[in-house]
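Here are a few notes to read with the structure open beside you. Take the points in order and find each spot as you go.

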Amino acid sequence: MKKFFYPLAILTFAIFFVMLANLNSNWVTRLDINASNLLKGNNFLEFFHYFGENEFIMIVTLLLLLWLWIYYHNYRGMMFALITVAGGNVFNRLIKEWVHRPRPIIPHQLASFSFPSGHAMMGILYIFTIAYFITEFEASIKRKVTVWSCAVIMTILIGLSRIAGSRHFASDVIAGWAMGYTFFILIVIWYERRKRIIKHHTKKA
C-alpha cells in the first residue's frame with residue numbers, strides 16, 4: 001500500500017475525536033438532523049446494511065482466511081485479517097460501552113449503544129482488508145483503482161444505510177468510518193513492516 005495513505009489516518013483519528021468531543025454541540029445536532037431528514041426511509045440505501053451485519057462479515061472473513069491459507073499460505077495475512085475484523089469488532093464495542101451514547105429514538109430500536117457505528121467501522125475494516133489483499137501484488141494501476149474505488153463506494157453505502165434506517169446518527173457513522181480507517185492503517189503499517197523485515201533477513205541469508 002502506498003505510504004501517502006498513511007498520514008490520512010492522522011486526519012481520520014482527529015475527526016473521530018472531534019466528533020466525540022462535540023456529540024452534544026449544536027453543529028453536530030444539526031448535522032444529525034439534516035442527514036436524517038435527507039436519507040431517512042431510503043430503501044435503496046437501507047438494503048446495504050445487510051453487508052455490514054456480523055453474520056455476513058464472519059462468512060466473508062472466513063472465506064478470505066481460507067483463500068489466504070490455501071492459495072498463498074500467507075499466515076501473517078491471516079493474522080492481519082483476524083486483527084482487523086475480530087480485533088476491530090472488539091475495539092468498536094469497547095468504545096460504545098465507554099461513550100454510552102443512546103441510539104436514535106424509533107420503535108424496536110437496537111439495544112446496543114450508538115457511537116461509533118459498528119456497521120461503518122466494520123464495513124471499512126473488512127472491505128478494505130479484502131481490497132488490500134486483492135491488490136497486494138497487482139501490477140495494473142487501473143485494476144487497483146477499480147478495486148479500491150468499489151471498496152470505498154461500498155463502505156460509504158453501508159454507513160449511509162444506518163442513517164437511512166434510523167439506526168445511527170450521521171456523527172456515529174462518520175466516527176465509525178474515521179476510526180475504522182485509522183485502525184486499518186495501523187494494522188497495515190504493522191503488516192508491511194514485518195514483511196520488509198522478513199524480506200531483509202531472507203536476502204541476508
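How are α2 and α7 oriented to each other: roughly parallel or roughly perpendicular? Keep in mind that this is a predicted model.

1. Start with the helix pair. Helix α2 (residues 26–39) and helix α7 (residues 141–164) pack at an angle of about 90°, and their axes are 8 Å apart. Angles of 65 to 115 degrees count as roughly perpendicular, so α2 and α7 are roughly perpendicular to each other.

2. Now look at who touches whom. From α2 come A35, S36 and L39, and they meet L160, I163 and A164 of α7. The residues of this contact divide into 5 nonpolar, 1 polar and no charged.

3. Next, check helix α5 (residues 75–99). With 25 residues at 1.5 Å a residue, α5 should span 36 Å, and its end C-alpha atoms are 35 Å apart, which agrees. Even so, α5 has a kink of about 30°, centred on G88. G88 is also one of the buried residues of α5, a list including F80, N92 and K96.

4. Follow the chain into the loop between α5 and α6 (118–135), where you'll find P116. A cis peptide bond joins F115 and P116, with omega about -5°. H108 is in the loop between α5 and α6 too, and its phi is near 60°, a positive value in a residue other than glycine.

5. Buried or exposed, what is S166? S166 is buried, with a relative accessible area of 7%, whereas H108 is exposed, at 75%.

Notes:
Residues numbered from 1 in each chain as written. Predicted model: local features only at pLDDT ≥ 70, side-chain atom pairs only at ≥ 80, totals over all residues. Heavy atoms only, no water. Axes fitted to C-alpha atoms, helices over the stretch in contact; angles between N-to-C directions. Helix = DSSP H or I, 4+ residues; strand = E, 2+ residues; numbered from the N terminus. Parallel < 35°, antiparallel > 145°, perpendicular 65-115°, else oblique. Contact = heavy atoms within 4.5 Å. Nonpolar A, V, L, I, M, F, W, Y, C, P; charged D, E, K, R; others polar. Expected span 1.5 Å × (residues − 1). Bend = angle between axes of the 7 residues up to and from the residue. Buried < 20%, exposed > 50% of the residue type's maximum accessible area, 1.4 Å probe, protein only.
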